[in-house]
Amino acid sequence: MASPNGALADRRTVLLGVTGSIAAYKALDLAGRLRRRGINVVAAMTGAACRLVGPASFESITGNPVARELFPENKPQTIEHIALAELADAVAVVPATANFLAKAAHGLADDLLTAAVLATKSPKLAAPAMNVGMWENPVVQGNLKKLKAGGWQVVEPEEGFLACGTRGAGRLARVEIIEQAILDLLGRGRDLAGVPVLITAGRTEEPWDPVRFLSNRSSGRMGFALARAAREQGAEVTLIAGPADIAPPEVDSLIRVRTAGEMRRAVMRQLPGNRALIMAAAVADYRPRITQRSKIKRSGGRITLELAPNPDIVAEAAGKRKKGTVVVGFALETGDLRANALKKLRAKGLDLIVANDARALGSSSNRGWLFFAEGRSERVPETGKDAFAKLIINRLVGLLKRADG
Ligand code: C5P
């Protein structure tokens, strides 16, 4: 079907629903980004959204008229919501207000956007943005649950300062993350199709007798989210997983290990067959120098546990890699995050280091910095580990393209 600006039928079209949240202006940036990717964007704005951002801004950025009314006077012969529903290869409602979510969840169709959303058979996404009280309200969460069950993709809001002056969850997700979700929805995001990627996740356990070990609080969530995100982009993922609190995701090949020594052997064996290594595992830096064969008995007195350093797996892998292999490491710090991460990036010879706060351990969200070998850096505000992982995989795509020259 031809788009309103006469584009060819094979050009993909996103119907960008804009509803009346203060974050509506951020949808302008999103529209511009999608258009620069060659995607045809048609904005459908609610009355409240038009009061916050001028429709003319969307018209100049998208190059298309903004759809606003169910029965536009200038097009008496078309049924606008059906035309939009058929035109859209994907629908993205950004930002989505609590009001919109409620209407969509219950099938209300009292304006152009809700009617088009109800009529379309194309995949749909909503990126909610609202005050924390509204966001946390069980009614809103119930509506979201309904929408997800009905196949909607929801890009969860972030924590942060909200337009209403409070702090909490409800701020629109980062535009880049929403953009990636829309690309995924269009089936465009498979940048790693067939690319073999090696990912480590979880913690290691270093035994000092048959029943005791040294370890850390890593849950495995970040590494598993990376494996999922890489697979969503089409990568062939080999996951080397140490102990973790949750079950690993489905991957192409899963190798379970326990100690740093086992992880090192597995990484070195797998590395030559992969284009990238993401070392997200929380490897114990030290292990007991001696592992007793039988359980150490309680004597009442002090005992001394002598520790020996573990091999630095990621540094060794970076040193021995084939040309063109991209190596990504993590730095978990309790202080001086940036300086320590930069030091590690250089010392270990990595292409990218993800520096995150020790508070991320065991949690479902993360924040931090990405430091690239070429000197660039990028701050990542508090965000869910799935979204954080998608961002890292996105950057990995860029690094692999550069490595290919
Ligand atoms: O030096 P540090 O342990 O803080 O470095 C963290 C990074 O190095 C992570 O990517 C981790 O997976 C990796 N690492 C490793 N081998 C170790 C310790 C950490 O590969 N023995």
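**View 1. Polar contacts between the ligand and the protein.** In this predicted model, a nitrogen atom of the ligand lies 3.0 Å from a backbone N or O atom of Ile313. Phe330 also takes part through its backbone, with a polar atom 2.8 Å from an oxygen atom of the ligand. Lys344 uses its side chain instead: an N or O atom there is 2.4 Å from an oxygen atom of the ligand. Taken on its own, the ligand has 440 Å² of accessible area, and the protein covers 89% of it.

**View 2. The shell around the ligand.** Here we step back to the pocket. The ligand sits in the largest pocket. In total, 13 residues surround the ligand, and the closest are Met279, Ala281, Val314, Phe330 and Lys344. Sorted by type, the shell has 8 nonpolar, 1 polar and 4 charged residues.

**View 3. Thr200 and its contact with Ala281.** Look for Thr200 in strand β8 (residues 196-201). Its relative accessibility is 0%, so Thr200 counts as buried. A polar atom of the Thr200 side chain lies 3.1 Å from the backbone nitrogen of Ala281. You have met Ala281 already, as one of the closest residues to the ligand.

View 4. Phi of Asp336 is near 50°, which is positive although the residue is not a glycine. Most residues other than glycine have a negative phi. With a relative accessible area of 58%, Asp336 is exposed, because the cut-off for that word is over 50%.

**View 5. Helix α9 and the glycine that follows.** Of the 11 residues in helix α9 (residues 175-185), 9 are buried, so the helix is largely enclosed by the rest of the structure. The buried residues are Val175, Ile177, Ile178, Glu179, Gln180, Ala181, Ile182, Leu183 and Leu185. An α-helix has 3.6 residues a turn, so residues three or four places apart point the same way. After α9 comes Gly187, with a positive phi near 70°.

View 6. Most peptide bonds are trans.

Methods:
Residues numbered from 1 in each chain as written. Predicted model: local features only at pLDDT ≥ 70, side-chain atom pairs only at ≥ 80, totals over all residues. Heavy atoms only, no water. Buried < 20%, exposed > 50% of the residue type's maximum accessible area, 1.4 Å probe, protein only. Helix = DSSP H or I, 4+ residues; strand = E, 2+ residues; numbered from the N terminus. Near = heavy atom within 4 Å. Polar contact = N/O pair within 3.5 Å; in protein donor to acceptor, adjacent residues only side chain to side chain. Areas by Shrake-Rupley, 256 points an atom, 1.4 Å probe, with all protein chains shown as cover. 1 Å grid on protein atoms, 1.4 Å probe; cavity = no way out; pocket = protein on both sides within 12 Å on 5 of 7 lines; lining within 4 Å. Sits in = over half its atoms within 2 Å of the grid points. Nonpolar A, V, L, I, M, F, W, Y, C, P; charged D, E, K, R; others polar.
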